[in-house]
Amino acid sequence: MQTIICSKCGKEVSGNSIYCSYCGCPIIREAESGQEQRPVTHRIKRNNMILMIGIIAAVVLGIVIFAVLKPTGSKEYCEGLRWGSSVKTVEKKYPDWTYDEDGSYFDLVDSLDGYHSEGDMIDMNFWFDENDKLEKIEASIVSEDIGDAILYYVGYFNKIYAEDYEATYNTRYRWYGDKTNISMTATDALLVITYEDAK
């Protein structure tokens with residue numbers, strides 16, 4: 001069996017040893033070319049350092065990706081449309097809309113913010129400022145059984161705006177947020193929801 005002389009204490013140790021069994025010093029081996037090899041502990045430390053750098057780089061990359069790709073929509077926005085969106089941006093979402101003489105655009109849809117009307121259409125109206133930037137949305141639902149819609153939207157907006165309003169007929173509601181203010185009027189057969197920029 002091959003032996004090696006410890007460079008620190010000078011004692012003979014097994015050629016397979018990583019550390020001197022007498023003093024604990026890492027064993028330095030000579031390569032076949034006659035050059036010294038690094039102690040195994042230096043290789044382990046180097047590998048650990050590479051692993052730590054890799055982990056840190058992965059975490060930093062994850063944070064950067066999340067910051068860049070995180071959802072920019074907020075539940076405070078109607079259907080994810082941000083205030084200040086252009087006419088073209090809104091038109092991409094509602095390609096069948098029509099221009100009305102009162103300066104708004106309108107479209108009939110069958111769902112809004114997760115609520116799907118059963119057989120009844122939702123009349124969506126969009127208002128833009130003088131620079132053609134979205135500033136207000138109004139949705140009207142007409143139904144003989146409007147109670148389900150009232151219950152859904154009161155619960156939906158209460159959750160977003162941390163309120164605790166009770167869902168009832170013939171009531172006017174207001175929710176105030178950082179991005180959007182909501183007013184909702186509920187009657188026996190009509191529900192009108194107005195989304196406005198909170199600026």
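**Phe157 and its surroundings**

A: Leaving aside residues up to four places away in sequence, Phe157 touches Asp113, Ala162, Trp175, Ile182, Met184, Ile193 and Tyr195. The model examined here is predicted. Phe157 has a relative accessibility of 1% and therefore counts as buried, the limit being under 20%.

The nonpolar core comes next. The largest one has 36 residues, and those that touch the most other members are Met124, Phe126, Phe157 and Leu191. Two or more residues of this core come from each of several elements, including helix H2 (87-93), strand E7 (122-128), helix H3 (147-161) and strand E11 (190-197). Helix H3 gives the most, with seven residues. Another core lies apart from this one; it has six residues, among them Ile4, Val13, Cys20 and Cys25.

A pair of aromatic rings is described by the distance of the centres and the angle of the planes. In the model there are 18 aromatic pairs. Tyr99 and Tyr105 form an edge-to-face pair, at 5.0 Å centre to centre and with 65° between the planes. For Tyr156 and Phe157, the ring centres are 5.3 Å apart and the planes stand at 70°, so this pair is edge-to-face as well. Tyr156 is also buried, because its relative accessible area is 18%, under the limit of 20%.

Phe157 and Tyr156 also belong to a cluster linked by ring pairs, together with Tyr115, Tyr152, Tyr153, Tyr161, Tyr165, Tyr173, Trp175 and Tyr195. Of these, Trp175 and Tyr195 are also among the residues that Phe157 touches.

Technical notes
Residues numbered from 1 in each chain as written. Predicted model: local features only at pLDDT ≥ 70, side-chain atom pairs only at ≥ 80, totals over all residues. Heavy atoms only, no water. Core = buried A, V, L, I, M, F, W, Y, C linked by side-chain atoms within 4.5 Å. Buried < 20%, exposed > 50% of the residue type's maximum accessible area, 1.4 Å probe, protein only. Helix = DSSP H or I, 4+ residues; strand = E, 2+ residues; numbered from the N terminus. Contact = heavy atoms within 4.5 Å. Phe/Tyr/Trp six-rings, centres within 6.5 Å; stacked < 30°, edge-to-face > 60°.
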